Amino acid sequence: MHKPIKIVDLFAGPGGLGEGFSAVGPSDAPTFKIAVSVEKEASAHSTLTLRAFTREFKNRMLPYEYYQYLRGEITKEELTAMYPKEWAAACNETLGRPVALGEDNKLIHSKINEALGDNSEPWVLIGGPPCQAYSLVGRAKNAGTKGYVPEDDDRHFLYREYLDIIMQFEPTVFVMENVKGLLSSKINGIPIFDQILLDLKNPGQGHTKYNIFSLSNAPRSNDLFGPNFNSKDFIVKAEEYGVPQARHRVLLLGVRSDVAVNQAQLLLTKAPEVNVGQVLTNMPKLRSGLSKNKDDSVNWQKIAQGALQNAASLVDVNKDKILKVSLPESRGKNFVTKKNTLSKDLPKQLKDWLADEKLGGIIQHETRGHMSSDIARYAYVSLFGERFGRSPLISEFPKHLLPNHKNVNSGKFADRFKSQVSGSPSKTITSHIAKDSHAFIHFDPIQSRGLTVREAARIQTFPENYFFEGNRTQQYVQVGNAVPPYLARLIAMKVSGILNL
């Protein structure tokens with residue numbers, strides 16, 4: 001009988017990359033098995049452990065009590081007490097508590113050594129060091145911080161912890177993910193990506209070497225030192241592979257040099273574009289909360305109606321036609337009973353990936369509160385997007401809708417407010433969604449609000465039964481930081497091919 005290939009998942013977050021790998025292969029004989037998952041943030045670690053728990057059930061058949069927990073009918077303590085063996089295995093996988101590379105290395109390395117045993121079988125290392133120091137937004141924020149010195153920011157060097165694992169345990173294959181800003185980040189004037197690539201090809205200048213491949217582009221050439229690429233060749237555009245989101249990330253596929261590889265078979269297969277309307281249209285329509293006014297549906301509808309009438313006149317849309325549609329009354333909740341929330345227009349493969357009919361509804365679909373001034377802006381931006389197929393620039397805002405900010409016309413906020421456009425892939429979901437909804441406005445003007453956690457998670461291709469622990473802010477951060485699991489599964493299938501499984 002096939003023994004699953006062991007996975008070690010570093011900087012795991014809520015488990016997006018690991019979810020994709022875990023889903024490869026038949027239900028009764030999965031190709032991969034996560035042996036160790038490492039995550040330091042407490043809420044993400046809780047999510048990661050709960051998901052590890054679900055993988056402990058035979059044939060991936062989740063117990064009825066799990067759905068009870070998702071619906072809020074029982075507590076997690078009650079759920080896990082019913083399945084102590086499975087819960088203990090999940091806690092063992094995630095090391096029993098949040099742990100951080102660079103701080104808890106003794107424990108982490110010991111657990112990896114224990115999980116791999118004699119290390120004679122092929123195994124795979126996955127993960128992406130935190131990206132705040134590399135992202136363009138993060139770098140802009142750091143540049144404005146008094147006394148900030150890039151060379152002193154430990155986050156620039158967390159890849160070395162990843163590298164250290166490679167040096168010590170010599171995985172057969174590794175997958176490393178990071179933001180596109182990694183390609184232009186510099187330390188002491190030297191591009192950090194060039195150094196990372198050199199280090200990964202020959203970790204610690206030892207005898208074990210790796211060939212680094214792109215998943216989206218063929219090598220420019222090959223020589224004695226392996227395949228050659230330009231740095232931008234490593235960018236994977238998620239929307240080109242059936243993910244309903246324009247998410248562009250650096251993905252490095254490292255293969256130990258003693259493993260034969262058919263380079264032509266490593267490239268991900270392009271898929272038809274999936275738009276955000278296909279993903280979100282069937283979900284229950286919700287109103288936002290009111291953060292500065294009395295929060296009830298009557299008050300919200302009055303504010304929204306005024307906002308829509310104003311927006312309709314600004315973008316030359318028939319306001320009577322807009323307001324013929326009933327405005328939503330509910331803000332949603334942690335569990336909403338509703339069947340068929342996935343559109344029939346979704347590609348079958350993605351729909352099957354997301355769906356779980358046993359759930360009987362939709363989880364974590366609850367709106368946050370907005371100021372009435374933001375509702376007016378959101379109505380304008382979403383109606384503009386519906387009319388013109390794009391979000392307006394701040395220079396296209398009428399004066400009375402401009403934020404009361406001294407730098408509003410400085411050029412720094414040119415595209416501060418972004419609506420999804422139903423006929424296109426979503427804008428990139430990032431962790432900034434936890435702070436405000438300005439860049440994550442729903443495409444439906446009638447709702448005039450930001451995305452819910454579940455809407456963001458669905459755009460990120462998390463299965464409908466994937467539950468995010470923590471408060472709502474923490475949930476948004478987890479979703480925004482994750483690798484889309486659907487894309488991760490496509491990557492895992494390529495890794496499976498390398499290992500001849």
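Is tyrosine 162 buried or exposed? Tyrosine 162 is buried, with a relative accessible area of 0%; buried means under 20% relative accessible area, exposed over 50%, and partly exposed in between (1.4 Å probe, protein chains only).

The model is predicted, so local features need pLDDT of at least 70 and side-chain atom pairs count only at pLDDT 80 or more, while totals for chains, interfaces and linings use all residues. Residues are numbered from 1 along each chain as its sequence is written, and side-chain values use heavy atoms, with hydrogens and water left out.

**Aromatic pairs**

Tyrosine 162 forms an edge-to-face aromatic pair with phenylalanine 174, at 6.2 Å centre to centre and 80 degrees between the planes. Rings of Phe, Tyr and Trp (its six-membered ring) pair if their centres lie within 6.5 Å; planes under 30 degrees apart count as stacked, over 60 as edge-to-face and the rest as tilted. Tyrosine 162 lies in helix H8 (residues 159-169) and phenylalanine 174 in strand E4 (residues 173-179), so the pair ties together parts that are 12 residues apart in sequence. Helices (H or I, at least four residues) and strands (E, at least two) are DSSP runs, numbered from the N terminus. Phenylalanine 174 is likewise buried, at 0% relative accessibility. One aromatic cluster consists of Tyr380, Phe384, Phe388, Phe397 and Phe417.

**Nonpolar cores**

A nonpolar core is a set of buried Ala, Val, Leu, Ile, Met, Phe, Trp, Tyr and Cys residues joined through side-chain atoms within 4.5 Å. The largest has 102 residues, and Phe21, Phe32, Val124 and Leu253 have the most contacts inside it. Helix H17 (residues 485-498) gives the most to this core, with eight residues. Apart from it lies another core, of 25 residues, including Leu308 and Ile394.

**Contacts of two residues**

Contact means heavy atoms within 4.5 Å; residues up to four places away in sequence are not counted for phenylalanine 21 or for histidine 45.

| Residue | Residues touched |
|---|---|
| Phenylalanine 21 | Ile7, Phe32, Val124, Ile126, Val175, Ala488, Ile491, Ala492 and Val495 |
| Histidine 45 | Glu39, Thr94, Gly96, Arg97 and Pro98 |

Histidine 45 lies in helix H2 (residues 42-54) and is buried, with a relative accessible area of 7%. Histidine 45 and glycine 360 are 315 residues apart in sequence and 26 Å apart in space, C-alpha to C-alpha.
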